[in-house]
Amino acid sequence: MASIALTITGMTCGHCVSTVERALNDVRGVYGASVDLKRGEAEVDLDDARVSVEQLIAAVEAAGYGARRTP
């Protein structure tokens with residue numbers, strides 16, 4: 001299991017957080033995702049042999065938000 005941090009843009013409320021968490025959790029191979037509105041970050045626990053950062057970013061973007069890997 002691995003953990004990846006993403007910077008999320010475009011969130012303004014709790015509904016946004018729920019939407020991004022659901023989008024990330026729906027990606028096959030993700031064990032869990034937690035999103036922090038104030039920090040604008042998501043922490044994702046995943047099977048890195050099955051999930052790429054690009055897939056996570058695509059899921060967030062499909063939900064209507066921006067994402068990039070946190071350095």
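This is a predicted model: local features need pLDDT of at least 70, side-chain atom pairs count only at pLDDT 80 or more; totals for chains, interfaces and linings use all residues.
Start with Ala 33: its bridge partner in E3 is Val 44.

Strand E3 itself has two faces: Ala 42, Val 44 and Leu 46 sit on the covered one, while Glu 41, Glu 43 and Asp 45 sit on the uncovered one.

## The whole sheet

Zoom out and you get an open sheet of four strands, ordered E2-E3-E1-E4, with antiparallel pairing. E2 (30-36) and E4 (66-69) are the edge strands; each has a single partner strand, so one side of each is left without a neighbour in the sheet. From one strand to the next, the twist averages 25°.

Now for E1, which covers residues 2-9. It pairs with E3 in the antiparallel sense over six bridges, and Ser 3 stands opposite Asp 45 of E3. E1 also pairs with E4, again antiparallel, over four bridges.

## Helices across the strands

Which strands does helix H1 lie across? H1, made of residues 14-25, lies across E1, E2 and E3 (41-46), and runs at about 160° to E2.

Helix H2 takes in residues 53-62 and lies across E1, E2, E3 and E4. Its direction is about 165° to E4.

Conventions
Residues are numbered from 1 along each chain as its sequence is written. Side-chain values use heavy atoms; hydrogens and water are left out. Two strands pair if DSSP finds at least two bridges between them. Axes are lines fitted to C-alpha atoms, for helices over the stretch in contact, and angles run from 0 to 180 degrees between N-to-C directions. Contact means heavy atoms within 4.5 Å. Buried means under 20% relative accessible area, exposed over 50%, partly exposed in between (1.4 Å probe, protein chains only).
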